[in-house]
Amino acid sequence: MAASGQVLVSAAAAPFVRAALPAGWLLRDLGVRQPLDLGDAERVFDLVREGCESTRRLNALDPQTTVLPTFRTSFVGRAEELRELTGLLVRDRLVSVIGTGGVGKTRLAARAAADIAGLWPDGVRWVDLSAQPSTSVAAAVAATVGVRVLVAEHPIRSLTAWLRPRRMLLVLDNCEHVLEPVADLVAAVLSACPEAAVLTTSRERLGLANETVWTVPAMSPADGTALFAERARTVHAAFAADHAQAASIRRLCSRLDGLPLAIELAATWVRSTSPEQIEAALDDRFGLLVRSPRGVAGRHQTLLASIDWSYDRLSADEQRALRRMAVFAATFDSAAAGAVCVPSDETSGIEHLLHSLVDKSLVIAETGPGAGRYRLAETMRGYAHRQLLAAGEYAETARCHLAYFLRCAQRASPLLDRDKDTWRAQIGTDHDEYRAALAWGLEQDNPAPAVRLAAELGWWWHLTAHGTEGARFLRRALDRCPADDRQLLARLLTAAALVADTNNPVDAEAQLAARSLAIADELADPGLRSLPALLLAVGTMYDDLDVALELAMAAEDAGMAAGDGFVVDGSRALQGIIHHLRSRHATARTLLRTAIDRLGARGDRGVAATAMGVLAADLAQTGELTEARLLAEAAVTVAAPLLDHHRVGSSRAVLAVIRGLSGDVEGGLTLLEPVRGLLDGTAPATFVPWLAGALGGLHLRRGDIAPAVRWLEAAGAAPDARHTHLTTPTLPQRAAALRMAGRITEARYFAEQAYASAQRLDIPATLADSLEQLAWLAVDTDAEAATDRHHEALAIRLRCGLRPACLDSLDGLAHVAVRRGRHDVAAQLSAAGTALRRDLGHPRSAELQTVHERDRAVLHERLGALVFDDLTAVGERMPFDVVMEFARRGRGRRDRPDAGWDSLTPTELRVVELAVKGLNNPQIAGQLFVSRSTVKAHLAHVYAKLDIANRTELAALAARHETAPPPAPGEGRRQ
């Protein structure tokens with residue numbers, strides 16, 4: 001690691017060196033670094049003089065940016081190959097390293113990436129695809145490089161969005177069994193990410209037009225001999241070949257075609273066998289393979305010879321254990337190996353067998369986070385699989401594998417009631433094994449064990465990004481469920497409804513839950529009926545909030561009867577969500593807070609995060625934006641460990657909307673950037689509640705009409721489809737975006753759809769939003785109708801305590817007042833709205849701000865500077881309640897004429913009333929909180945409208961009309 005002239009000290013030695021340092025010297029912490037030969041990373045210190053700033057660069061890797069595998073053995077030889085490969089990587093964006101199994105593709109690619117890692121400022125990411133099926137390649141790559149939110153069906157867009165601004169090398173190892181999906185992914189990355197490069201290892205080329213293919217050569221005789229000697233010393237420290245043995249080793253390496261894996265396997269036997277004996281043992285085996293080459297490439301024959309030779313040297317127990325390990329899809333622990341690979345009465349010996357097989361380089365012991373787990377290299381797994389089939393043991397081994405992981409799932413099940421985080425971690429560790437067990441077991445003559453396993457995994461698919469996979473397995477399990485096992489069928493249906501809840505809930509969730517609930521009632525099983533009762537309520541909520549509320553209360557009762565804490569709390573959360581939609585804030589908040597506390601204590605992150613997001617939205621609706629933001633941030637934190645698309649995406653959406661309402665639209669959009677790829681052009685669309693609506697709403701607030709229309713169209717159903725409680729609230733925004741885009745007919749259609757759907761579902765906030773959009777659509781053609789719609793919206797918002805939305809109504813009414821010539825009213829309303837927004841921390845949207853500024857310019861011109869300033873001052877002093885009363889009382893009659901008594905505005909009528917009572921101009925000004933000049937201007941307008949000249953004529957005219965104007969605004973204090 002050290003540069004020339006540099007002295008480095010390890011973490012282990014640092015305390016001793018520091019204690020002995022002379023004055024003026026110190027150890028500077030350089031952090032954790034991985035050596036270029038990819039050994040273990042360790043913390044290192046630089047020995048320097050005090051005050052001396054070292055500029056020397058370490059010959060090491062930073063594990064924070066360069067993520068490469070760790071190797072326990074040294075890298076030997078291959079200098080020419082490294083030079084050639086690194087040259088290609090410098091020149092070309094896609095390099096495929098190909099060659100037969102065991103030729104050293106992985107080791108060469110890793111070392112080459114390490115040698116030139118500095119060319120990629122954003123680092124190097126290594127992805128091992130050996131255990132990945134074709135359906136999950138993109139998801140595995142995205143997870144490994146650090147994309148936090150994934151969706152198994154189409155994560156490529158999320159991955160490319162994350163990579164697009166980065167200069168990074170992506171290394172995809174072991175691609176031969178997944179060539180097509182890897183090719184699709186690589187093509188997308190190269191097309192969308194101009195600064196990214198890709199290095200792949202495989203037995204075959206990807207077949208892309210811009211692919212540089214580099215075939216790994218066999219090791220040179222010198223390198224092969226050096227590798228044999230180096231590996232021999234790891235098992236026999238005193239090994240030193242004499243002249244004859246050195247010649248034997250050279251011949252052995254040559255006859256092994258210079259394949260590193262074969263050489264390493266042969267070298268492991270020097271502890272008990274001489275090089276000459278190893279060479280002799282290969283003679284007959286090579287002859288046998290050469291005489292039977294049909295369908296097998298020569299280099300593959302050579303590797304089989306080496307592995308065959310090692311396999312034949314194993315004991316019968318070791319052979320049996322090794323071949324049975326082929327059934328594992330990925331890594332496994334000793335308990336799994338004991339259950340699957342040895343007879344039930346011999347499991348105590350599995351640790352010895354594993355240790356022996358690791359020593360012989362046939363099984364790999366994982367290090368780091370995977371410590372205590374084992375795996376077979378890709379080539380060894382293929383070989384073991386051949387041996388397992390030849391022994392006629394595959395079916396029995398797969399049966400043991402399925403039975404073991406069914407037991408694991410069943411043993412973990414009690415954790416669902418008290419610690420879902422731990423349950424999720426346990427299941428996730430062996431996810432690949434559960435997938436493999438299901439895939440095999442569901443196709444057998446006796447599918448019952450696999451069907452039972454599928455029923456155990458519903459929560460896993462519900463809580464993670466593997467929902468589509470789960471739905472597929474559950475459909476197959478339902479098809480194969482034994483007809484006479486009604487309880488198992490009910491559990492499967494519940495699991496399917498649970499998976500539908502976070503993936504495709506509309507219709508499917510309620511239908512599946514209803515079927516499960518019917519069976520539970522038939523069996524009179526309280527424990528079986530509680531969860532489907534809750535899921536039925538959730539599924540019903542999309543179309544009928546009243547029925548859903550009744551079902552949620554019934555589910556709460558069912559949960560109590562069954563002692564199911566999750567169902568009790570989930571039902572209360574659901575009731576709280578429904579009351580939130582109905583703008584019953586106090587009830588909603590009590591239910592949600594109670595549910596959140598209990599769900600969080602039990603580790604039910606998914607529902608807890610959803611409930612927290614809804615509570616945050618409820619607080620935002622009533623103007624408590626700071627508390628709403630803090631709670632929404634907490635919801636994002638709670639959801640984050642799930643790494644799913646549903647809860648992570650929806651919790652971010654809530655926080656983004658609240659940021660937008662508080663004026664931080666850019667911050668909201670930035671927050672959604674990591675998850676927007678889940679919806680952007682994907683088909684079918686990923687189910688992420690509130691995400692598309694949040695994106696559309698934020699773009700709308702910023703005035704970006706085209707993206708607002710696009711996202712809001714994605715958020716809602718097709719024009720002729722029914723609208724749910726999720727799509728209905730997005731319709732008024734969709735109408736607004738279309739109106740601003742000039743698509744008036746469509747805008748009116750969706751505003752009317754929003755009104756009808758909000759009435760049907762009884763969602764007051766959305767009903768008011770739809771009325772507001774209908775008002776804006778009418779303002780140019782029917783100002784009276786626009787006024788009516790704004791007042792209807794305001795009345796709903798006031799009744800429901802929707803304070804931020806009330807300010808939007810003020811802006812709408814102010815604009816209509818300008819259009820109708822009621823300038824004094826408009827001036828006060830617009831000024832009051834500005835002050836109240838400042839107090840609330842809720843600035844106008846881009847559209848409302850533009851309208852506001854334009855209207856204020858008109859008012860300044862029409863009223864004159866003095867009157868305009870006085871009315872502005874009055875409006876700014878009005879408290880919320882007084883403003884709202886003034887706005888509602890200032891509505892006035894329809895069709896106000898230009899002259900005559902009926903043309904007087906509410907403010908002018910109030911001036912008349914005070915003047916008739918005998919108050920002079922200064923007294924009237926004091927009553928109305930305006931200046932004397934404003935009173936004088938009002939009286940001038942009154943005299944002109946009534947065609948009179950003085951107060952005497954005014955008093956006579958007032959007596960005939962028996963006027964009773966509304967009280968003056970401005971009394972009270974701001975709230």
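Two strands are said to pair if DSSP finds at least two bridges between them, and the helices (H or I, at least four residues) and strands (E, at least two) are simply DSSP runs, numbered from the N terminus. The model looked at here is a predicted one, where local features need pLDDT of at least 70 and side-chain atom pairs count only at pLDDT 80 or more, while totals for chains, interfaces and linings use all residues. Residues are numbered from 1 along each chain as its sequence is written, and side-chain values use heavy atoms, with hydrogens and water left out.

Six strands form an open sheet in the order 5-7-8-9-6-10, and the pairing is parallel. Strand 5 (66-67) and strand 10 (212-215) sit at the edges, each pairing on one side only. Strand 5 joins strand 7 (residues 124-128) in the parallel sense over two bridges, with Val67 having Arg125 of strand 7 as its bridge partner.

Next comes strand 8 (169-173). Five bridges link strand 7 and strand 8, again in the parallel sense, and Val124 has Leu169 in strand 8 as its bridge partner. On to strand 9 (197-202): four bridges join strand 8 to strand 9, and the two run parallel. Here Leu172 stands opposite Thr200 of strand 9. Getting from strand 8 to strand 9, the chain passes through helix 6, and this β-α-β crossover is right-handed (with the strands pointing away from the viewer, the path from the first strand over the helix to the second runs clockwise).

Is strand 8 mostly covered or mostly open? It is mostly covered, as five of its five residues are buried (buried means under 20% relative accessible area, exposed over 50%, and partly exposed in between, using a 1.4 Å probe and protein chains only). In a regular strand, side chains alternate between the two faces of the sheet. In strand 8, Leu169, Val171 and Asp173 point one way and Leu170 and Leu172 the other way, all of them buried.

Helix 2 (residues 79-91) lies across strand 6 (94-98), strand 9 and strand 10, running at about 175° to strand 10. Such angles run from 0 to 180 degrees between N-to-C directions, and the axes are lines fitted to C-alpha atoms, for helices over the stretch in contact, where contact means heavy atoms within 4.5 Å. Helix 6 (residues 179-192) packs on the sheet as well, touching strand 6, strand 8 and strand 9, and its direction makes about 165° with that of strand 9.

Further along is helix 46 (residues 951-961), where Leu954, Leu957 and Ala958 are buried. They lie on the same side of helix 46 because they cover an arc of only 100° around the axis, the arc being that of the directions from the helix axis to the C-beta atoms. Thr952, Ala959 and Arg960 are exposed on the face turned away from the buried side of helix 46. Helix 43 (906-916) and helix 45 (932-946) are among what covers the buried residues.

Phi of Asp947 is near 60°, a positive value in a residue other than glycine. Most residues other than glycine have a negative phi. Asp947 counts as exposed because its relative accessible area is 70%.
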